[in-house]
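Student: Can you walk me through this model? I'd like to go piece by piece.

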Amino acid sequence: MSDQILTPLAALGDHSPRIEKIGSLTIEENPDLAITSIAVRHRRDKDLQTFLMPALGGELPSPGRSVFTSDVSTIWTGVGQWFLIASYAAHPDFAREIKSLIKDTASVTEQTDGWVVFDIIGNNLIPLMERLCNLNGKAMMAGDTTRCLIEHLGCLIICRESFRKFTILGPRSSAASLYHSLVKVAHNVA
Amino acid sequence: MIINHPLLGPRDAQEFVYLGDASLIDRPDASGETALDDFHDYLYLRDNPAGSHKELWFHEQGDRSWLVVTRDTRTHEITHVELAFEYAKRRGRDK
């Protein structure tokens, strides 16, 4: 990969990621993420598991679940499909890295600039989640992940710690709209 | 309306798109002698039952899976939900 000369902006158009504190809630934009999607090819499930096992330290997560290691988060996004997320600083060419690891067992697509990622931290995020989307936030345990609607946007919602820490991936082109809904709802529940 | 997704549990119908009769899975053989008539029926003719109906739903705002939902058209009661690829496989349509 060639050296970057220009400094990229964060998804909300700022030079540094936005951090908003509302009452006991914190909404943090997290731009330092390399995201790639893998879709297993026909009847190659076992080969894919074998290639990925060393990097993930275990099996690919089952439907509605994620697996976090210190280096890579793996998120189930659909039947035979996962998102792999790692630090962008440590893995600037993540998709290529994954492709060389899993070879022709799965198709790899670069997703890094397709998403805006918000980490939401607080003592009790359930009232916020209840206003944001249709999910049963109370029932979500650490590692539970699902895609659903927030306003009109299809977002991936990852529970990092039940009640207290959620990560939301939304379409980057609608980052400001998603941010607006998060902040608006946070003010309402704070 | 709530659709009980076989992988993800109960989900709001707002997340799904209705895509038509599940008979669309039974695509006729294009090389058969009666192909012209078969495709006419496949494309244009639908049953319109007052009662149990198998239909295709797409989980567009979720995991993007295709489901075969058995719904009573009179009451909207959903009696069965399964993944469309499993339904298709059972009908010998896996390729």
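Tutor: We'll take domains, then a sheet, then the chain contact. This is a predicted model: local features need pLDDT of at least 70, side-chain atom pairs count only at pLDDT 80 or more, and totals for chains, interfaces and linings use all residues. Residues are numbered from 1 along each chain as its sequence is written, and chains are lettered from A and ligands numbered from 1 in the order in which they are written.

Student: Into which domains is chain A divided?

Tutor: Domain 1 covers 19-31 + 113-189, and domain 2 covers 33-112. The bounds come from an automatic or database domain assignment. Their centres, over C-alpha atoms, are 23 Å apart.

Student: New topic. What is the strand order in the open sheet of chain A?

Tutor: 1-2-8-11-10-9, six strands with antiparallel pairing. Strands are DSSP runs (E, at least two residues), numbered from the N terminus; two of them pair if DSSP finds at least two bridges between them. The edges are strand 1 (19-22) and strand 9 (145-150) of chain A.

Student: How many bridges join strand 8 to strand 11 of chain A?

Tutor: 7, between residues 115-121 and 165-171. W115(A) stands opposite P171(A) there.

Student: And how many residues of chain A are in contact with chain B?

Tutor: 11, against 10 residues of chain B. Strand 9 of chain A supplies the largest share of the chain A side, 4 residues.

Notes:
Contact = placed C-beta atoms within 7 Å.
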